[in-house]
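Subject: Structure handover

Hello,

The structure is placed below for your files. My notes on what was found come after it.

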Amino acid sequence: MTDARAPIATGLLRTMWRIRCFEERVAKLKRSMQVHGLIHLSIGGEGVAAAVCGQLRDDDVVYSGHRAHGHALAKGAACERVMAELMGRADGLCQGVGGSMHLVDAEHGFLGATGVVGGNLPLALGSALAARLRGTDAVTVSFFGDGAVQAGHFHESVNLAALWRLPVIFVCENNGLAEFTSRAEHSPVDSVSDVVAPYGFERATVDGSDALDVWEAFGAFLRLGREGRGPMLLECLTHRRRGHYEGDAQEYRDAEADAVWQRLDPLAALQQRALSEGWLDEAGAAAIESGARDEVEAAVEFARASPFPDLGLPARLVYAA
Amino acid sequence: MSKVETTFVKAVADALARAMRADERVIVLGEDVAEGGPYLATVGLSEEFGRDRVRNTPISEGAVCGVAIGAAQSGLRPVVEIMFIDFLTLALDQLVNQAAKAHFMSGGQLAVPLVLRTQGGAGQRSGAQHSQSLEAWLTHIPGLKVVMPSCAADAAGLMTAAIADPNPVVFVENKTLYFRRWLVDTEPEPVPIGRARILRAGNAITLIATSRMVGDALEAAQRLAEDGIDAEVIDPRTLVPLDIETIGESVRRTGRAVIAHEAVTAGGFGAEILAQVQEAAFDCLEAPLQRVGAPFTPVPVSPALEDAYRPGAQEIHNAARVALEWDEVVTPVPEQAR
């Protein structure tokens, strides 16, 4: 291990702490009904968002699913505007009409989350096609969970992406649960990367709790994508620490798996490694964490100070002018 | 302007070619489009513009619609074809949950300048899964625009306008119109989305008809003229947004109306037109508004049954007579019963 990894690890930790602090705060705000609607948290899976989005440019497009706060933040969305969106305020990323499941930050190439599982998969192909026809080296990343793999859109999309050799990187966050149901109960195929085997994808399965591993594996695919090659599929094995949504009674949980994954927390693991490798000292680590907490508290204040949207807004947003 | 004879489907193909020549962001994708498609609506395009811009797709309506949406969000102007409106069912998630709502849900950050071409209608013995008229479903979705041209000139003009529109536009053609011949301008002007056309002026009754039924309404009006009745015929051309000003003004003048489409009457778009006409012209109505549409059954194949199933000029004429003779039909309420 060389010191070249020090700035990468530090950058990853910064993003992961932002996501962790943001989502822990959102969980509290949900309990006091200050954020609205169905809230799906990615606590325990921050490493994937940070390692993937941390290597992308603003003109690289990211599509995501319903568990998308981390992806939006890692792609560059302002913490305060995401918080305001979750609180339904006028200064939210989407003026308060989108909400947690429909975050979009076009300026940073985050073209969006969707509340329909698998619904954004084909859109990523369209964005990749547009990049190809424009002659740029931009790539498109599509985040989805293992539950989306059983959706028809997934199979249609991987076939079409492979047929047209589009520069799109499918990033599956396989947390072993589709809503309340384990992978074993919804598919006979263990590994998501095996599902695309006949299509000739570049594919890999990595430990999603090791953010540096994800960084390397994704980086290799990204270099291919920049050359106009594709598609690729990166399966990241992760764990969903929280319920499917906040408030889910979680009677389906497997206590043994939870105990194992508790030890595999990607944030704790990377921080420990950074300290032991000497990439970061205790004070530096503490500063990253407290910086993230301060940013999130400021975001909450920003959101609370923002007004609710005016009642005429929905009618103005139905059609583009 | 000089005129040229063309078919409906040639007018569509020519409008697509003109748009592709004028703007390299315009692409065409769908099943068999690079081969011209079963109705020749995209014939010649792949030869002129190449297979990067005219893309054959697998039979994956959902993904193909989604690709078009994603491409539109990233700056292209896709025209996607769903070969039969019956198969739009497979793409409805993409159209309804993604395309229609992206501009709204993003707080105005995203636009989806997409045209979805499809065709419906019975009359070719194609059976219950290749003959439906499902446009009313789409009119219920805020964020979509829905157009239904009834002639070659409107097909050309509305296609040009639809491609230029920054919103998802569903362009519903009718298969039985494809090879009819019309005279059109050699350089057709765009037809603004949301503007109805009065095809025949009259003061006794208003016949409002869409798509294939516009021709039937004109035929019914001709028969009424032979009876000495002066019918006005209006084609809304665009269902969403609906030009209720033009339609309402006409019915306020005539006091009677028939609303005709080929779709099943129950839950059809005629019900919406009827409700809006009632709101716009209630104090001027001389008779209940009449609806003409298909019966509440799937489309049968047998020629005897399909011909009976399809509403046409006769049904419009009959409905007009009911509206026109309403005062004679209604039995006056006896004085002592009031």
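In chain A of this predicted model, six strands form an open sheet with parallel pairing in the order 2-1-3-4-8-7. Strands (E, at least two residues) and helices (H or I, at least four) are DSSP runs numbered from the N terminus, and two strands pair if DSSP finds at least two bridges between them. Strand 2 and strand 7 (202-207) of chain A each have a single partner strand and stand at the edges, so one side of each lacks a neighbour in the sheet. From one strand to the next the twist averages 20°.

Within the sheet, three parallel bridges join strand 1 (residues 61-63) and strand 3 (residues 140-145) of chain A. Val62(A) stands opposite Val141(A) in strand 3 of chain A.

The contact between chains A and B takes 34 residues from chain A and 33 residues from chain B, where contact means C-beta atoms, placed from the backbone, within 7 Å. Helix 5 of chain A gives the most to the chain A side, with nine residues.

Chain B is divided into domain 1 (3-185) and domain 2 (197-327), with bounds from an automatic or database domain assignment. Their centres, taken over C-alpha atoms, are separated by 26 Å. The contact between these domains takes 24 residues from each.

On conventions, residues are numbered from 1 along each chain as its sequence is written, and chains are lettered from A and ligands numbered from 1 in the order in which they are written. Local features need pLDDT of at least 70, side-chain atom pairs count only at pLDDT 80 or more, and totals for chains, interfaces and linings use all residues.

Regards

How values were computed:
Contact = placed C-beta atoms within 7 Å. Axes fitted to C-alpha atoms, helices over the stretch in contact; angles between N-to-C directions.
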